[in-house]
Amino acid sequence: MKIMIENGNPVVARLQGRLDTAAAVEVAPDFQKLNDYAKDHLVLECRDLEYISSSGLRLLLALRKQVATDGGKLQIRNISNDIRQVFMMTGFISLFEIV
């Protein structure tokens, strides 16, 4: 799992690979860095995200909470049909702006 952050307006974080339990532990510090942009417009680009587990969903939820607290904007872009299904089954589809 890799996260690449591109500073700009909006700030884009590209998620690549599998965000499973092991990867969630590995990339948790990267998600902490994303909190630095919680007051800005932040886009999670998920075109290359292959899988997300409940641990990955927790990371997204924590980021959403921080963005809401800091008054920023969070969008999730280009999720696959499989990940959209996970979002729909878990109710996350209504928690995030998905474009």
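The structure is a predicted model, in which local features need pLDDT of at least 70 and side-chain atom pairs count only at pLDDT 80 or more, whereas totals for chains, interfaces and linings use all residues. Residues are numbered from 1 along each chain as its sequence is written, and side-chain values use heavy atoms, with hydrogens and water left out.

The protein chain contains three helices and five strands, where helices (H or I, at least four residues) and strands (E, at least two) are DSSP runs numbered from the N terminus. Along the sequence these elements follow the pattern β-β-α-β-α-β-α-β. The radius of gyration of the protein chain, taken over C-alpha atoms, is 12 Å, close to the 13 Å given for 99 residues by the globule rule (2.2 Å times the number of residues to the power 0.38), so the chain is as compact as a globular protein of that length. Along its principal axes, the C-alpha trace spans about 30 × 25 × 20 Å. With contact defined as heavy atoms within 4.5 Å, 67% of the contacts between residues at least 6 apart in sequence join residues at least 24 apart.

The protein chain exposes about 5,500 Å², of which carbon and sulfur atoms supply 48%; accessible areas come from the Shrake-Rupley method with a 1.4 Å probe, and for residues only the protein chains shown count as cover. The mean positions of the 12 positive and 12 negative charges are 3 Å apart, where Lys and Arg count as positive and Asp and Glu as negative, His and the chain ends not being counted, and where the place of a charge is taken as NZ of Lys, CZ of Arg, CG of Asp or CD of Glu.

A nonpolar core is a set of buried Ala, Val, Leu, Ile, Met, Phe, Trp, Tyr and Cys residues joined through side-chain atoms within 4.5 Å. The largest such core has 28 residues, of which Phe31, Leu44 and Leu60 touch the most other members. Two or more residues are given to this core by each of strand E2 (11-19), helix H1 (21-34), strand E3 (41-52), helix H2 (54-70), strand E4 (73-77) and helix H3 (81-90). When residues up to four places away in sequence are not counted, Leu44 touches Ala13, Leu34, Leu60, Leu63, Leu74, Gln75, Ile76 and Arg77.

Leu49 lies in strand E3 and is buried, with a relative accessible area of 5%. Its C-alpha atom is separated by 6.2 Å from that of Arg18, although Leu49 and Arg18 are 31 residues apart along the chain. Neighbours within four places left aside, Leu49 is in contact with Met1, Leu15, Gly17, Leu19, Ser80 and Ile83. Ser53, in the loop between E3 and H2, is also buried, at a relative accessible area of 8%, and beyond its neighbours within four places in sequence Ser53 is in contact with Leu19, Asp20 and Thr21.

Ala38 is found in the loop between H1 and E3 and counts as buried at 0% relative accessibility. Outside the four places on either side in sequence, Ala38 is in contact with Gln66, Val67, Asp70, Gly71 and Gly72. In strand E1 (residues 2-6), Ile5 is partly exposed, with a relative accessible area of 31%; apart from residues up to four places away in sequence, Ile5 touches Val11, Val12, Ala13, Lys33, Leu34 and Tyr37.

Two features of backbone geometry occur in loops. The peptide bond from Asn9 to Pro10 is cis, with omega near 10°, and Pro10 is found in the loop between E1 and E2. Asn78, in the loop between E4 and H3, has a phi near 60°, a positive value in a residue other than glycine, and counts as partly exposed at 28% relative accessibility.

Note on methods: Buried means under 20% relative accessible area, exposed over 50%, partly exposed in between (1.4 Å probe, protein chains only).
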